[in-house]
Structures are given as structure tokens and as C-alpha cells.
Amino acid sequence: MTLPDDFDKILEAAHQVGRKLAPLAAGVDARTGDLREPYDLLAEAGFLTLLVPRRAGGAGLGFADYWRVLSAVGFHSGAAALGLNMHNAVIGPLCESADTPLPPMAEEFRTWLFDEVVGGRKIFASAASEPAGGAKLRGLQTRYRRTDDGEGFVITGEKSFVSLAGIADYYAVPARPEDSDDPGRISHFLVSKDDPGVRFGEIHNLTAMYGTSTANMTLDAVTVPRFRLFLGIEGLSLPKVIREPHWMVAGYTGAYLGIAEAVQQAVVDHVTAAPKKAESAVVQRTVGLNAARLHAARALVERAGEAVDLGRGGATANTLVHAAKYAVADLGPELARAAVSLCGSAAVSRAKPIERLLRELQYGAVMPAKPEECLEYLGKAALGVDLRDENAFSW
């Protein structure tokens, strides 16, 4: 299916597919549902192509509108929205540079990827985190070397917390050369789930977000052809992430905003079902306070998204995406406390949807960049640290 040209219609389509996703969430969370079904629905509805330029068959959305669509999906199914973002976080940097002329090899890579997404409905995911160092690129232990004929690369390592494990078709794998200890020499490769030597472990038994299908990934001397080196350029990854951090740092912020709004709606539905409680001034003020917090968070998210569209990689855009990530992650505990206070046992009962929503919302503070890392970035920006310098970061 091709998405409509009009953005309002795309947003309505997001709610339409979301209403199909919502009934699946409880079963997936309980480990009884089909983990792949939500992503098949998103693919059939055309949502894998949100960012792909129109000339290549996609919807051509900018970052701000993408966040709006992601929050709409997240309102109905948080796990599905996070999985969708994982796909778009991999292809997003290429989509943003769609009008930028590239060297022949990079242009071929970009064209191939767009064809895989649009024509092949292929899903992409990231495999960056590692058991010891998390998602910090400077500590990567995964290594690569060229094949003897120079026509490909051999990758060996282990990744942890790989979302869409076994569901995505390709995984963006960062690795460093076997013959170099330079912490900044990182390259990304697209590894197919069907490449010999690729194995996935058991899906992690997390307290929430089982639907993201997150597991460890082992790469045992996996050979990938040269054309699956990201943009055909070695050593590009760390400078790109540092100078344009919005995807790695905060791409999924829209999803967590949607989950937060779903929690607020669940609280409102619970309170309005008990008229006497709804008439309480204390309850009204609590609900009103959370509404104000949500309005403020959405305004900041939308402002940050627009700043990325206007000046991707600029100081304003980079500081605002960190501020938006912090605001949404910090909002979670406040909404959770209010939900437990107002809803009582309904907020802790596995039989009620609000309990799952609260568990999902808490993960916004766990995903990198964590709230304290966002604050550190914002502090450095305010104090005049050069945030385009790789040495300003521990990762």
C-alpha cells in the first residue's frame, strides 16, 4: 500500500493501523501473540516508507512529521511504535540526504536500500549495543576485516538488546577494524538475518516491551558483500552520530510521547467511569497538571522536530532533541505516580491495560541517551563546550 500525499491523511492512517495494533498488544505482552503480526500490519499499510523520498516511492516525511506519526502509533501500541522507529532510525539518515549528490558507490547503496524498503517491504533494525559497553560506540568489541579477495568483509562479535531480532531483514552492525585500536574508526554494515554465522538468542524476558522482540545476536565470522558497507565508506559512523545525533539519541521520543498520552487517556477513562471521583477538585487538579505536562512535552517535541528539519546537525537542533528526550523520559515517573494514586488497583492489575502502559512508559528513562546523559549534553552546550568535537563525548 502507498501512503497518501496529504499529511493529515497519513496521520489518520496511523490511527487506523493503530486501532488494528491495539488489540494485539496484550497478547504479545503475555507471550501468547504473534510477534511478527504488528510489523506485517505496519508494512502492509505502507509505514516502512514514511521517510523514503517521494521520488523513490515513499511518503517523504521530515523529522517533525515523522515524530507526529510515531506518537500516533505509540498511542495505540508502544512496542510496535518502537519497532517501527528502529527501522526508521537505520534508514533515516539516508532519507534525509536524499537530495544530496553522493559518490557512485554511496549512490548505489542508497538506491538499493530504497528499493529494498519500497519494493521489497524489507525491515531494517540496529544491532549496536554490546554486553559490556552498551550502545557506546567507543567501547565496541565487534571487529571486521576484509575478505581475501577484497570484495567483502568478515564480521565477528556479539550484540545485546537487538530489537526486532529475527523479525527484521537487515541489521545495521557497527564494528571496528581488526588491525586498528582507534576508538573513532567505526564502520556500519548491513547484515542479513539469513547470512551464515548470524544467530539470535532467546527473546529477553523484560518487564515490558516484549513486542520489540529484543534478544542477543552473535556474528560468527559473518561475510557481507562490499555493497552492504554503509554508503561504501569506512570510518564514517562516529562523526556522523556525534554531529547529527537526533536518530540515535531521540528517534523513539515520539513513541514514548504517544505512550504517555495513552496513559493519560487511560486515567481519564478510569476517572470518568466513577462520577463522584471525577467531581473531586483534587482529582481534577491532578489530571489537569498531567495534561499541562503533556502539552509542554508535546510542544517541545514538535519544536525539536522542526529544528531538525530546518537545521539538521546544528546547535539548536541538537540541543532541542536532547531536551525533548529528557522531558518525555522525565514525564514518565510523574504520570505513573498520578496513575497509581488515581486508579489504585487498576494501575497494578495485569488484567487492566493501564498496568502494561505504565510498564512500557518507564522504559523511556532506560533507552539511551538516558536522562542524565541528556542533561550532561545540555549543560555542556550551555557552558560553551564544542559539541562537534568527538573528544567531548565518552561514546
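**Packing of α3 against α8, and two further sites**

In this predicted model, the axes of helix α3 (residues 63–76) and helix α8 (residues 253–272) come within 7 Å and cross at roughly 40 degrees. Axes are lines fitted to C-alpha atoms, for helices over the stretch in contact, with angles from 0 to 180 degrees between N-to-C directions. Helix α3 is therefore oblique to α8 (under 35 degrees is roughly parallel, over 145 roughly antiparallel, 65 to 115 roughly perpendicular, the rest oblique). The crossing is right-handed (the near helix is turned clockwise from the far one by less than a right angle). From α3, Trp67, Leu70, Ser71, Gly74 and Phe75 take part in the contact (heavy atoms within 4.5 Å). Their partners in α8 are Thr253, Gly254, Ala255, Gly258, Ile259, Glu261, Ala262 and Gln265. By class, six residues are nonpolar, six polar and one charged; Gly counts as polar.

Helix α4 (residues 78–96) bends by about 40 degrees at Val90. The bend is the angle between axes fitted to the seven residues ending there and the seven starting there. Pro93 follows within four residues. Of the 19 residues in α4, 16 are buried (under 20% relative accessible area, 1.4 Å probe, protein chains only; exposed is over 50%, partly exposed in between).

Ser180 lies in the loop between β4 (170–177) and β5 (187–192). Ser180 is buried, at 11% relative accessible area. Ser180 touches Arg143 and Arg185, not counting residues up to four places away in sequence.

Helices (H or I, at least four residues) and strands (E, at least two) are DSSP runs, numbered from the N terminus. Residues are numbered from 1 along each chain as its sequence is written. Local features need pLDDT of at least 70, side-chain atom pairs count only at pLDDT 80 or more, and totals for chains, interfaces and linings use all residues, while side-chain values use heavy atoms, leaving out hydrogens and water.
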